[in-house]
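Reader: Hey, can you walk me through this model? I'd like to go region by region.

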Amino acid sequence: MADYDLAIIGGGLNGVCVARDAAGRGLRVILLEQGDLGSGASSASPRLIHGDLARLERRHFLRVHTALRERDVWLRIAPHLVRPMSFAVPAHAEARPPWQLRSWLLLYDRLASRSGLPASATVDVTHHPIGHALKRPIGTAFEYSDCVVDDSRLVVLHAVDAAARGAAIHTGARVTRAERGDTWRLIVIDRGYRKAITARALVNATGAWTASVADTILRVPAPQLGTAQICQVVVRKLFDSDNVYVFQNTDGRLIFASPYERDFTLIGTIGHAFTGDPAIVAIGTRDVTYLCEAANRYFREPIGGADVVRMVTGANSVISPKGRRERDGMMRLDARGRATPLITIFGGDVTTARRRAEKAVSELTRFYPMSPRWTATAPLPGGEFAWSRFETEVDIACDRWRFLSDEQARRLVGAYGLNVRDILGDAKQRSDLGPSFGTELTGAEVRYLMQKEWARFPDDVLWRRSKLGLTMPPADRERLAVFMATES
Ligand SMILES: Cc1cc2nc3c(=O)[nH]c(=O)nc-3n(C[C@H](O)[C@H](O)[C@H](O)COP(=O)(O)OP(=O)(O)OC[C@H]3O[C@@H](n4cnc5c(N)ncnc54)[C@H](O)[C@@H]3O)c2cc1C
């Protein structure tokens with residue numbers, strides 16, 4: 001008998017969503033990730049949970065409707081990670097006529113009619129907080145509702161839930177060979193040790209590595225794929241209002257500027273073809289200049305390359321070899337004849353990842369008995385409350401742990417939801433939580449991340465399970481590295 005029903009290579013969003021879905025349907029699952037969870041393209045997404053206005057322009061109405069339904073699902077199952085937000089599109093007649101924007105937004109409202117989020121509106125920005133950071137002569141903007149998400153925490157919490165439902169999650173575990181017989185036999189270098197495992201079916205969820213894994217490790221015909229890169233930059237906060245700006249750039253692209261970790265702004269996205277090693281993806285000066293110039297067209301405060309504090313980038317496979325991204329990603333089952341099943345899944349939007357994984361696992365129902373679809377209603381760990389209660393949960397945390405500032409409570413509830421109690425426990429003062437690293441991070445939180453969320457190195461904590469790397473002084477990072485080394 002095989003060790004597992006399903007082995008998944010790749011711990012990006014696609015891999016962990018499949019792992020969670022399959023484990024919850026009763027399959028014996030193992031997920032193998034060569035680095036850290038979410039260390040590929042999944043921590044470089046635009047962090048949007050949305051129907052996608054640009055898609056509306058291309059008249060993909062059904063896709064928009066489906067994505068907006070998924071937006072409601074995410075609000076229900078991840079009320080801590082997914083935050084409803086007002087999106088503002090400054091009207092700029094050069095790009096798209098205001099009447100056209102307004103009519104799209106009315107249609108967007110119709111397609112999202114059951115969400116409970118505010119409907120779109122026209123705003124006179126000269127008398128509205130949205131306008132404070134904007135250059136004149138922009139007089140009007142359109143406001144609509146969508147959501148933002150912490151993408152890398154979404155990945156990690158899927159893995160936590162998959163593990164709670166019985167899945168084995170291995171990080172630092174690189175699959176180096178696979179043989180397809182009556183079962184799949186995989187050779188894995190797991191934190192330096194060579195292991196062999198067998199599984200009745202295999203999922204290739206290796207993102208930008210999909211074709212090379214198919215070709216050199218699985219030795220099956222590799223899909224004809226290109227690779228594309230996504231580029232975004234983080235700068236110090238450009239605006240105080242709590243909304244996302246959607247700019248229409250002169251070349252027709254929509255560029256987002258979103259609040260990022262309280263004191264910063266994320267500007268993106270642009271994507272283009274990528275060649276090279278997907279493990280080393282960097283943003284070129286041209287892309288940085290493009291994004292800064294796009295922001296400068298609208299914001300009062302000018303920015304340039306020197307203001308960029310972090311670049312957020314990643315690569316993934318795309319169906320067209322020319323590097324144009326297939327927006328819904330790909331999911332394909334190969335089980336011709338009596339071949340042991342192989343599913344290939346990559347790319348696509350964060351918004352539709354749950355559904356893509358559900359479809360992928362459902363493809364296996366003809367091979368194994370399994371329980372019905374379930375992921376649309378079961379909350380992710382810590383998310384057992386209604387999204388409209390987020391502020392109440394922050395107040396409850398402030399009341400229970402009086403040493404927390406409002407901002408600290410908001411960060412902790414936003415990251416861990418109700419599971420914040422597993423970190424803070426009965427602490428009466430901050431010093432009960434062990435050493436401090438910077439103003440936010442405590443030994444108790446780091447220990448929790450190491451024991452429950454597979455964090456091994458400082459970057460796993462500072463960039464994927466949080467974004468505290470943006471503000472942590474170098475000396476504290478060094479102390480954190482020593483602390484993690486002694487705890488492991
Ligand atoms: C150009 C571009 C545009 C994008 N646009 C959007 C957008 O508009 N909206 C949106 O929501 N998202 C967007 N994204 C993000 C996108 O949604 C992500 O691609 C998504 O999160 C799915 O990632 P994944 O799981 O397929 O790949 P990844 O997150 O890259 O995961 C693949 C994982 O496989 C692992 N791996 C590889 N080889 C092995 C091996 N041999 N053994 C073990 N592990 C291995 C890697 O380490 C990696 O962690 C974009 C991404 C790109 C690149």
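Reader: Before that, what kind of model is it, and how are residues numbered?

Author: It is a predicted model, where local features need pLDDT of at least 70, side-chain atom pairs count only at pLDDT 80 or more, and totals for chains, interfaces and linings use all residues. Residues are numbered from 1 along each chain as its sequence is written.

Reader: OK. Which domains is the protein divided into?

Author: There's domain 1 (4–42 + 153–225 + 324–366), domain 2 (88–147 + 227–318) and domain 3 (387–487). Those bounds come from an automatic or database domain assignment.

Reader: Where does the ligand lie relative to the domains?

Author: Between domain 1 and domain 2, because both give residues to the shell around the ligand. A residue is near a molecule or strand if its C-beta atom, placed from the backbone, lies within 6 Å of it.

Reader: Which residues come nearest to the ligand?

Author: Gly10, Gly12, Gly40, Ser42 and Gly207, out of 41 residues around the ligand.

Reader: And what's the shell made of, by class?

Author: It divides into 17 nonpolar, 20 polar and four charged residues. Here Ala, Val, Leu, Ile, Met, Phe, Trp, Tyr, Cys and Pro count as nonpolar, Asp, Glu, Lys and Arg as charged, and the others, Gly among them, as polar.

Reader: Which helices and strands supply at least two residues of that shell?

Author: α1 (13–24), β2 (29–33), β8 (173–180), α7 (210–218), β11 (226–236) and β15 (308–318) each do. Helices (H or I, at least four residues) and strands (E, at least two) are DSSP runs, numbered from the N terminus.

Reader: Switching topic: how many residues of domain 1 are in contact with domain 3?

Author: Ten residues of domain 1 are in contact with eight of domain 3. Contact means the C-beta atoms, placed from the backbone, lie within 7 Å. On the domain 1 side, the largest share comes from α6, with three residues. By class, that side has four nonpolar, four polar and two charged residues.

Reader: What separates the centres of those two domains?

Author: The centres of domain 1 and domain 3, taken over C-alpha atoms, are 30 Å apart.

Reader: Now the inside. How many residues are in the largest nonpolar core?

Author: It has 134 residues, and those with the most contacts inside it are Ala7, Ile8, Val18, Ala19, Val29, Leu31 and Ala159. α6 gives the most to this core, with eight residues. Such a core is a set of buried Ala, Val, Leu, Ile, Met, Phe, Trp, Tyr and Cys residues joined through C-beta atoms within 7 Å. Buried means 20 or more other C-beta atoms within 10 Å of the residue's own, exposed means 12 or fewer, and partly exposed is in between, with C-beta atoms placed from the backbone.

Reader: What does Val18 touch?

Author: Leaving out residues up to four places away in sequence, Val18 touches Ile8, Val203, Ala205, Ile345, Ala357, Ala360 and Val361. Apart from that core lies another, of 13 residues, among them Ala409, Leu412, Val420 and Ile423.

Reader: Which strands does β4 pair with?

Author: β4 (residues 82–90) runs antiparallel to β6 (residues 140–149), joined by nine bridges. β4 also pairs with β12 (residues 243–248) in the parallel sense, over three bridges. Pairing here needs at least two bridges found by DSSP. Pro84 has Cys147 as its bridge partner in β6, while Ser86 stands opposite Asn243 in β12.

Reader: Last one: where is there a cis peptide bond?

Author: Between Gly268 and Thr269, with omega about 0 degrees. Thr269 is in strand β14 (residues 264–273).

Reader: And Arg262 and Trp454, buried or exposed?

Author: Arg262 is exposed, with 12 other C-beta atoms within 10 Å, whereas Trp454 is buried, with 21. Arg262 has a positive phi of about 70 degrees although it is not a glycine, and Trp454 has a positive phi of about 60 degrees. Most residues other than glycine have a negative phi.

Notes. Two residues are in contact if their C-beta atoms, placed from the backbone, lie within 7 Å.
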